[in-house]
Amino acid sequence: MRTHWIFILALCAATGMQAQQTQQKAFWSEDFSSGRLPDGWAVADSSGTGKCEWMVTDQPYPGSFQFNQQAPPIASASRGYHLQYRPGVVTGEEVTKWNQRREYPDAYVQTAPIDCRGKDKVLLTFQHAFRWNNWFTREKNAGLFVEVSNDNMHWTSYEVTASIPAVTSVHTPVTEELNITDVAANQPAVSIRFFWKGIFSWYWMIDDIALTEPLDKDVALVELTSHRPEGNTFTQSDTLRVKIKNVGSCTLDADFCLKAVIDGKDELTVTVPAVTHPVPFNAETEVAFPPVSLEKGQARILSG
């Protein structure tokens, strides 16, 4: 089975955007290099079982029932210590009994309050890898969530499994970028928590968390919409479509280019007509590349 590696890069021909050459400057970050949970952080088992907990570790997920991984998952490009939650080790072969009890291994880890005063727009970025199942999954509010609050009582939730289907291994870390301006901008005490809800297995690994102020012009890849992560049947004329998001602080109102590099060599380019169809701050739009041959057969697409 062949795997196509597709890297999507935002390039700017006419907008003055620097094609991601200038990185956002983080005003808060955590990489867990100390090897322990940072001061002021809290772990809570909201299910009340007391059987699962978040941890800081430099070890991979150890494997468990129906998932004896062939290669250790990596939480981030920086590797090393990271946050890890692994309920699959606890639920194991007892998933049916957990379901009969209507007991889920829900738990979250929460940061200490973060000062966001003076920040008119705030982006949360982190890298993560995960594998989840949908066996007996709780129908409502099940997923992997990032939750943000400025009063520690009212929380805004963002589900971050994106387009990764159940029972799919994430072999390379996913970079997540969330615009939390509505909750965090100019707030003196912002709390962030990573919340596993309503799922029995397997794990979630998180690293390199940061809060940044967005660039004036910046584009993020949201997802590849034309193909699934795996199980695709390719033809001699496939059209790649992606969803992108304006994560800069200004409206994109000048045409810019989007480039896709396939297997490190084949390159596709498309112009996004932002002059006639401006992309406001925090808005998403879908872009289609020119048709390309991805060969016949089954393959898995990884976007990044």
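**Salt bridges in close-up**

**View 1. A network of salt bridges links E147, R193 and K197.** Here a salt bridge means a side-chain nitrogen of Lys or Arg within 4 Å of a carboxyl oxygen of Asp or Glu. Searching the whole structure turns up 7 salt bridges. Do keep in mind that this is a predicted model, in which local features need pLDDT of at least 70 and side-chain atom pairs count only at pLDDT 80 or more, while totals for chains, interfaces and linings use all residues. Residues are numbered from 1 along each chain as its sequence is written, and side-chain values use heavy atoms, with hydrogens and water left out.

**View 2. R36 and D39 pair up in a salt bridge.** Their closest N and O atoms lie 3.0 Å apart. R36 is partly exposed at 45% relative accessible area, and D39 is exposed at 63%. (Relative accessible area under 20% is buried, over 50% exposed, and in between partly exposed, using a 1.4 Å probe and protein chains only.)

**View 3. A salt bridge joins the side chains of E284 and K243.** The N to O distance is 3.9 Å. This pair connects distant parts of the chain, 41 residues apart: E284 sits in strand β18 (residues 284-288) and K243 in strand β15 (residues 241-246). Strands are DSSP runs of E, at least two residues, numbered from the N terminus. E284 is partly exposed, with 42% relative accessibility, and K243 is also partly exposed, at 23%.

**View 4. E267 meets K259 in a salt bridge.** The closest N and O atoms of this pair are 3.4 Å apart. E267 is partly exposed, its relative accessibility being 49%.

How values were computed
Helices (H or I, at least four residues) and strands (E, at least two) are DSSP runs, numbered from the N terminus.
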